[in-house]
Amino acid sequence: MDSVNKTHAQNINNAFKVVFKTLESVENLINCCISKFDQEQYHLPTERFLRFSSDRTWQGWIYWSFILIFQRTEDGPLEKNNWINGPLYAVEIDLDAEVNENAPQLLIAKMEYDDIGEWPEGLSPSEHGKFYDPIHEEKYFEGKDLEDGLRCVVPKRSCEDTVKRSYKNLRRTIVKRLPLVEITEENYLDEIFGGIEQLAKLPLK
């Protein structure tokens with residue numbers, strides 16, 4: 001192997017080492033969120049994180065967005081379908097440089113629905129897009145800035161029927177963004193669940 005090819009091979013190897021190390025850190029954060037949240041204050045409808053995965057395109061060959069779903073026990077009793085009929089709080093670890101201006105983000109979103117009491121129990125990890133799309137204003141959604149760096153996302157008026165059918169009757173999403181590099185082992189509980197409580201104070205639509 002000549003020196004140019006050897007250098008190229010080493011660069012690829014180093015790049016994957018960085019990716020694997022990053023995914024290990026993400027796994028640790030996810031596991032901490034699942035194992036150390038206050039179970040009296042929050043409900044975890046599913047311990048499985050939601051993610052985009054596809055064998056057909058390279059974007060699905062490695063995970064770049066991880067979404068956990070929480071609810072607040074203060075928002076109502078637990079229904080038979082293992083949901084609280086109130087807002088969902090999506091916590092997303094997003095490593096996608098293209099949408100985050102080269103800075104991985106942690107996003108916390110308050111998601112308001114018409115009637116969660118009608119949902120089936122649990123979520124499939126492949127339902128990632130039902131939460132990712134509104135959080136990132138993809139496809140049928142549009143947003144506007146609020147105070148304190150928050151952003152309000154709603155269905156486009158022309159797409160309300162599509163959203164009702166395909167996104168579980170989602171009415172509104174409020175999104176808070178944090179640089180992922182600022183989330184540490186010392187502050188992750190305060191930043192994540194403090195962010196949820198900040199969004200919880202906003203009146204429902």
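The model is predicted: local features need pLDDT of at least 70, side-chain atom pairs count only at pLDDT 80 or more, and totals for chains, interfaces and linings use all residues. Residues are numbered from 1 along each chain as its sequence is written, and side-chain values use heavy atoms, without hydrogens and water.

**View 1. The protein chain contains four helices and seven strands.** These elements are DSSP runs numbered from the N terminus (helices: H or I, at least four residues; strands: E, at least two). From the N terminus, their order is α-β-β-β-β-α-β-β-α-β-α.

**View 2. Strand 3 (residues 88-94) has seven of its seven residues buried, so it is largely enclosed by the rest of the structure.** Buried denotes under 20% relative accessible area (1.4 Å probe, protein chains only). Leu 88, Ala 90, Glu 92 and Asp 94 lie on one side, with Tyr 89, Val 91 and Ile 93 on the other. In a regular strand, side chains alternate between the two faces of the sheet.

**View 3. Strand 3 pairs in the antiparallel sense with strand 2 (residues 65-72) over six bridges.** Pairing requires at least two DSSP bridges between two strands. Phe 70 has Tyr 89 of strand 3 as its bridge partner.

**View 4. Strand 3 and strand 4 (residues 105-113) run antiparallel and are joined by seven bridges.** Here, Leu 106 in strand 4 is the bridge partner of Ile 93.

Technical notes. Buried < 20%, exposed > 50% of the residue type's maximum accessible area, 1.4 Å probe, protein only.
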